[in-house]
Amino acid sequence: MLTLLGTPNTRTTRVTWALEEAGAEYEFVAIDLIGGGAKTPEYRDLNPGGKVPTLLDGEHVITESAAIVIHVADRFPDAGIIPTEPVARARCLQWCFFTIGELEQPLWTMSKHSFALPPDWRTPAIMPTAAREWLRAAKVLAAGLGDRRFILGDDFSVADIMLAHTLAWSRFAKQPIEHENLQAYAGRVLSRPALARARAREAAAKEQTTSA
Ligand SMILES: N[C@@H](CCC(=O)N[C@@H](CS)C(=O)NCC(=O)O)C(=O)O
């Protein structure tokens with residue numbers, strides 16, 4: 001049994017999306033991030049950093065969105081969303097880790113210093129640096145993508161989930177996507193039906209929590 005604990009429209013959506021691409025059966029438990037739902041002792045037992053998402057796979061607890069989407073892809077091999085050939089798999093992991101280590105970091109810095117951190121901890125002067133770092137990481141991605149349909153070529157993979165989710169985040173953060181190939185890629189990947197299903201599933205879980 002798979003249970004995803006997370007908050008709609010956060011990094012959780014990477015996992016909901018991967019589960020939908022995989023055709024998995026799962027329960028979605030909405031965590032009220034703003035209301036402190038990730039900071040309770042019970043939740044911290046699962047995810048000591050008090051962050052979302054967390055996946056429960058039977059007795060196993062998995063945290064970190066990149067690790068979780070890779071696990072989902074491995075667990076549902078018939079979905080074909082992670083390559084098995086070692087070099088192609090390494091390339092897929094490369095772009096998953098690039099997302100976490102490079103692409104999302106400037107956006108996360110902007111989020112932290114505009115609303116996520118307590119007001120006293122925010123340093124607005126960091127914003128121009130983060131904006132430049134965003135452009136730099138996006139340029140690396142645009143060069144890596146080239147004229148491919150997906151980041152690995154013709155086959156969609158969890159790396160596309162990680163990357164495209166972060167491109168959607170950049171739109172929300174009003175950071176430009178300067179490269180035409182990246183804009184087209186974002187449009188292509190973000191219009192996948194599995195993402196629409198994931199968003200609907202998250203919205204339904206949130207609605208249930210709100211009205212409970
Ligand atoms: N590296 C982690 C980051 C998780 C993370 O920071 N999630 C945000 C929501 S998108 C969160 O829970 N923030 C609450 C906090 O920072 O206290 C992952 O990819 O899962």
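Strand β1 (residues 2-6) pairs with β3 in the antiparallel sense, over four bridges. Two strands count as paired if DSSP finds at least two bridges between them. Helices (H or I, at least four residues) and strands (E, at least two) are DSSP runs, numbered from the N terminus. This is a predicted model: local features need pLDDT of at least 70, side-chain atom pairs count only at pLDDT 80 or more, and totals for chains, interfaces and linings use all residues. Residues are numbered from 1 along each chain as its sequence is written.

**The sheet**

- Gly-6 stands opposite Ala-30 of β2.
- β3 and β4 pair in the antiparallel sense over four bridges, and Asp-57 stands opposite His-60 in β4.
- Strands of a sheet pair through backbone hydrogen bonds, either parallel or antiparallel.
- The four strands form an open sheet in the order β2-β1-β3-β4, with mixed pairing.
- β2 (27-30) and β4 stand at the edges with a single partner strand each, so one side of each has no neighbour in the sheet.
- From one strand to the next, the twist averages 20°.
- Helix α1 packs on the sheet and touches β1, β2 and β3. Its direction makes about 155° with that of β1. Axes here are lines fitted to C-alpha atoms, for helices over the stretch in contact, and angles run from 0 to 180 degrees between N-to-C directions.
- A residue is buried if 20 or more other C-beta atoms lie within 10 Å of its own, exposed if 12 or fewer, and partly exposed in between, with C-beta atoms placed from the backbone.

**The whole protein**

- The protein has eight helices and four strands.
- From the N terminus on, the elements run β-α-β-α-β-β-α-α-α-α-α-α.
- The radius of gyration is 17 Å, close to the 17 Å that the globule rule gives for 212 residues, so the protein is as compact as a globular protein of that length. This radius is taken over C-alpha atoms, and the rule is 2.2 Å times the number of residues to the power 0.38.
- The C-alpha trace spans about 50 × 45 × 30 Å along its principal axes.
- Of the 212 residues, 35% count as buried.
- Among contacts with a separation of 6 or more, 68% come from residues 24 or more positions apart. Two residues are in contact if their C-beta atoms, placed from the backbone, lie within 7 Å.

**Helix α3**

- Eight of the eleven residues of α3 (residues 65-75) are buried, so the helix is largely enclosed by the rest of the structure.
- The buried residues are Ser-65, Ala-66, Ile-68, Val-69, Ile-70, His-71, Val-72 and Ala-73.
- Their cover includes α1 (12-22), β3 (54-57), β4 (60-63), α4 (86-116) and α6 (158-172).

**Loops and backbone angles**

- Most residues other than glycine have a negative phi, and most peptide bonds are trans.
- The peptide bond from Val-52 to Pro-53 is cis, with omega near 10°. Pro-53 lies in the loop between α2 (41-46) and β3.
- Asn-9 has a positive phi near 60° and is not a glycine. Its place is the loop between β1 and α1. Asn-9 is partly exposed, with 14 other C-beta atoms within 10 Å.
- Glu-64, also not a glycine, has a positive phi of about 80°. Glu-64 sits in the loop between β4 and α3. It counts as partly exposed, with 17 C-beta neighbours inside 10 Å.
- The hairpin of β3 and β4 has two residues between the strands, and Gly-58 takes a positive phi near 60° there.
- Pro-8 lies in the loop between β1 and α1. Pro-8 counts as buried, with 22 C-beta neighbours inside 10 Å. Leaving aside neighbours within four places in sequence, Pro-8 is in contact with Ala-30, Glu-202, Ala-203 and Lys-206.

**Around the ligand**

- The residues around the ligand are Thr-10, Arg-11, Leu-33, Ala-38, Gly-50, Lys-51, Val-52, Pro-53, Glu-64, Ser-65 and Ile-100. A residue is near a molecule or strand if its C-beta atom, placed from the backbone, lies within 6 Å of it.
- This shell divides into five nonpolar, three polar and three charged residues. Ala, Val, Leu, Ile, Met, Phe, Trp, Tyr, Cys and Pro count as nonpolar, Asp, Glu, Lys and Arg as charged, and the others, Gly among them, as polar.
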